[in-house]
Amino acid sequence: MTAEGAERHQDAGNSNGLYAVSKKTLTKRRESCARHSSLVSLNCHDGSDESCLKFFIIFRMEQHEVEVVWSYPLPFAAVEARHPKFLEFVYSNSGNSYSVEDLSHTFVMTDGHGVRMYGHCTAFVNGEAAVSLSPYPWCRFFAQLATLFRTNGYDHGKAIVEALCRSPTPPSGSNFVLSTSIPIVFQRPYDRLCSFIDTSPIDLINIFPETETLFSVLADLLLEKRVIVVGPNFGLVSHVVMSLQSLISPFDWMHILAPILPSSLMDVLAAPTPYLVGILNSQIPLLERVPIENCVLIHLGSTGICEGVRYHNEEKHSLPNSGTFSALWIGYTTFKMRDPHERTARDLCSLFLTYYAALLGGIGICGAGAHTLSNASPKDVPFYKSLMNTQCYSALTETIQEALADKNHAWINNEFCVALVRGHAKIYPQHYQQLIFEENKGVEYTTRYENCFGSREELTALSAAIHGCGGHQMGAGRLFCQCLRGLMKHLVCLKDHSVLVTLEASSFARGYGDYDSDPRYSPDFVEMMVVQPSNDTK
């Protein structure tokens, strides 16, 4: 692509709100507490006087005509003036949806300063669509808000939305303060651990049944490649795009982010910058017309399961195969063996966050990068070198250096910094002593980090196996019983005097979020069957 063509795509992207900005505006981006970063602005999860809900709009489509039913707190014209292509994102969810939940999708609009606004859209079967515009990527939170509006009727629904708009944003994990006339409690997601924790990252276990495939995709994101997720509907596609970001935290995807990409904006894929976008299977003919030099294509089947990853003029990478990688693999495998009701997004995000802290602790932060690379496996050196040249790595290391230099010890308020210091006591001796001092005092620190793996101990194969990647002190005996119970659910009794035991927990996608309420995974529905062998069978 020529320089003129690249500039043209850049201008088009900014006008449509798709492009993030260059490093020159990083300073201004860090000033926003409602920014999309997991780590930048370490106190951004302490709450805000502003509401988490900027706009709430109800649309109705009849005979291909879109009508604005209700817009709050400003008329829809104010939103449309800022984002001219807004409606294209709302009614882009075509394809074959197989459950009501698949009609929920998320889109992203980025302003000229790189600050993102997330559009959480829920389209109902009667043609209506509820859209929440927020600076926060709380997909499940705003999907539930749309459902509450729908089920409580317009009068009560409007009262709920208006109360939430008037309420300030509480600290992470706390409840919103609403009017006493609203008999509903809204709780802010625990996003201090990961900004994208409310995107249902646990669903990625079903979407990527092959662990190696998931880890390769995460490596592709860390190296800032062009990644395209292709699926049957935007509900599934946007869900995968948003959830993948939770497993690369505290790294921040700082480039083009488009969980759904309308057909009118397909030319954006010819941009020379990295991007993470989602498109439909029906848009593949349009994709083939776009001159893309290299990219990674993730194909989702009709059931939402990843059917393959295609590398177009790209090299396949994986996470570095080091000692911490084996601990990550063991912790992730143990997590998959858990009963689905006992899996938590906090544990899953905590595992990957602690892995990144153990992996990257000495690289480039305190001048130990060359020493670390000299001790790395020759096969992993290209990955490290490529990672150290990425924008997300530069922003993360710069933020960590600022946090560790803070005289008020602001780094103790961040799980990643705590895991970083704990895993590298020799590199950060003074910070490690301060960490031990805070632990000995207990009280607030102990309560805050009770369930954070990285704040409890170092990530090793043994600790990952015993704790199942969470900070819960379950012990080896309880873990063994838990895993055994999970294995028994996959026991298949055959009539011909034989028993087949599946050692690897198998699962299938049922639409995103379905498994949380699936009664087949409840202990109350487990049936124990005993097979009596015949006399001639041992």
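Predicted model: local features only at pLDDT ≥ 70, side-chain atom pairs only at ≥ 80, totals over all residues.
Biologist: Which residues in helix 12 and helix 16 meet?
Modeller: Leu-353, Thr-354, Tyr-356 and Ala-357 in helix 12 touch Glu-415, Phe-416, Ala-419 and Leu-420 in helix 16. Contact means heavy atoms within 4.5 Å.

Biologist: What makes helix 16 and helix 17 roughly perpendicular to each other?
Modeller: Those axes come within 9 Å, crossing at roughly 115°, and the pair therefore counts as roughly perpendicular. On the helix 16 side, Val-418, Val-421 and Arg-422 meet His-431, Tyr-432, Leu-435 and Glu-439 in helix 17.

Biologist: On to the rings. How many aromatic pairs does the structure hold?
Modeller: There are 27 of them. Take Phe-215 and Phe-325: centres 5.8 Å apart, planes at 75°, so that pair is edge-to-face. Rings of Phe, Tyr and Trp (its six-membered ring) pair if centres lie within 6.5 Å; planes under 30 degrees apart are stacked, over 60 edge-to-face, the rest tilted.

Biologist: What does the pair of Phe-215 and Phe-325 tie together?
Modeller: Phe-215 sits in helix 8 (residues 211-222) and Phe-325 in helix 11 (residues 323-337), so the pair joins parts 110 residues apart in sequence.

Biologist: Why is the pair of Phe-215 and Phe-352 called edge-to-face?
Modeller: Their planes stand at 90° and their centres 5.9 Å apart, so the pair is edge-to-face. Phe-352 belongs to helix 12 (residues 345-360), so this pair links parts 137 residues apart in sequence. Phe-215, Phe-325 and Phe-352 are among the members of a cluster linked by ring pairs, which also includes Trp-329 and Tyr-356.

Biologist: Is Phe-215 buried or exposed?
Modeller: Phe-215 has a relative accessible area of 0%, so it's buried. Buried means under 20%, exposed over 50%, partly exposed in between (1.4 Å probe, protein chains only). Phe-352 is buried too, also at 0%.

Biologist: How should I read the values and numbers?
Modeller: Residues are numbered from 1 along each chain as its sequence is written, and side-chain values use heavy atoms, leaving out hydrogens and water. Local features need pLDDT of at least 70 and side-chain atom pairs 80 or more, while totals for chains, interfaces and linings use all residues.

Conventions:
Helix = DSSP H or I, 4+ residues; strand = E, 2+ residues; numbered from the N terminus. Axes fitted to C-alpha atoms, helices over the stretch in contact; angles between N-to-C directions. Parallel < 35°, antiparallel > 145°, perpendicular 65-115°, else oblique.
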